[in-house]
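Okay everyone, thanks for coming.

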Amino acid sequence: MSEIPTLETPRLRLTALAARHFDDYAAMLADPDSTRWIGDGQPLDRTGAWRSLAMLLGHWQLRGCGMWALELKETGAFVGRAGLMYPEGWPDLELGWMLKREYRHHGYATEAGRAILEFAWNVLHAPRVISLVRIGNEASDRLAERLGGEHIEDMDFYGSHNHVFAYYPPFREPRRAWA
């Protein structure tokens, strides 16, 4: 398997998802408040959470990027997941995030998002990254804007209506898509 890099921010360690994260990961995906804005909006049981974890790890092998586990540097506590995805059928390289309920509204997603965008620009040399934010998810709309995302369009995607936010590297001209 290709090496998943570890990123650090002032308060977080972005590290490879691992078996040690699974109980917290499964609990996060079993929480309807955590899953209402992703996929079909339904919580996952432990089997579904295991498949999700395996898919996220496989994405690194297939695309050279993926989701990281977010851990508090001070305690090692699992905060959530964030990273870059570009599965088959996606419109572009996507920055996404999901935090456990108790870690929301502390700036962790913003902190992780900034580090992930730096990775996208400096390591992947991506010409653009997007976030698909389901319409109605105002907290994620605000986060995308804090990260410098520009609301470029609305899109129906896999049965949901989404705002599309685009991020561009600070040192290049905007382009359309990542290959």
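A bit of housekeeping before that. This is a predicted model, where local features need pLDDT of at least 70 and side-chain atom pairs count only at pLDDT 80 or more, while totals for chains, interfaces and linings use all residues. Residues are numbered from 1 along each chain as its sequence is written, and side-chain values use heavy atoms, with hydrogens and water left out.

Let's begin with helix 1, residues 22-30. Which residues of helix 1 are buried? They are Phe22, Tyr25, Ala26, Met28 and Leu29. Buried here means under 20% relative accessible area, exposed means over 50%, and partly exposed is in between, with a 1.4 Å probe and protein chains only. Looking down the axis of helix 1, you find those buried residues within an arc of 160°, so they line one face of the helix. That arc is taken from the directions from the helix axis to the C-beta atoms. Contact, by the way, means heavy atoms within 4.5 Å.

Next up is helix 4. It has 15 residues and runs 21 Å from its first C-alpha to its last, close to the 21 Å expected at 1.5 Å a residue. That expected span is 1.5 Å times one less than the number of residues. Now, 12 of the 15 residues of helix 4 are buried, so this helix is largely enclosed by the rest of the structure. Among the buried ones are Tyr108, Glu111, Phe119 and Trp121.

Then there's helix 5, residues 138-146, with Ser140, Asp141, Leu143 and Ala144 buried. These cover an arc of only 165° around the axis, which puts them on the same side of helix 5. Their packing partners are strand 5 (94-99), helix 4 (108-122), strand 6 (129-134) and strand 8 (160-167). Arginine 142 is also in helix 5, but at 45% relative accessibility it counts as partly exposed. Just after the helix, glycine 148 takes a positive phi of about 95°.

On to the largest pocket, which holds about 1,300 Å³ of space. For the record, a pocket is found on a 1 Å grid over the protein atoms alone: it's an open set of points where a 1.4 Å probe fits, with protein on both sides within 12 Å along at least five of seven lines, and lining residues have an atom within 4 Å of a point. Grid points are joined across faces, edges and corners, and the volume is the space filled by probe spheres set on the points. Of the 47 lining residues, the closest to the centre are Trp37, Ile38, Arg81, Trp97 and Met98. Which element gives the largest share of the lining? Strand 5, with 6 residues.

Now for the single residues. Lysine 100 sits in the loop between strand 5 and helix 4. Is lysine 100 buried or exposed? At 12% relative accessibility, it counts as buried. Leaving out residues up to four places away in sequence, lysine 100 touches Asp24, Met28, Phe78, Val79 and Gly80. Tryptophan 90 lies in the loop between strand 4 and strand 5 and is partly exposed, at 25% relative accessibility. Tryptophan 90 and phenylalanine 157 are 67 residues apart in sequence, and 8.8 Å apart in space, C-alpha to C-alpha.

Tyrosine 158 itself is in the loop between strand 7 (150-157) and strand 8. It is exposed, with a relative accessible area of 61%, and its phi is near 50°, a positive value in a residue other than glycine.

That's it from me; over to you.

Note on methods. Helix = DSSP H or I, 4+ residues; strand = E, 2+ residues; numbered from the N terminus.
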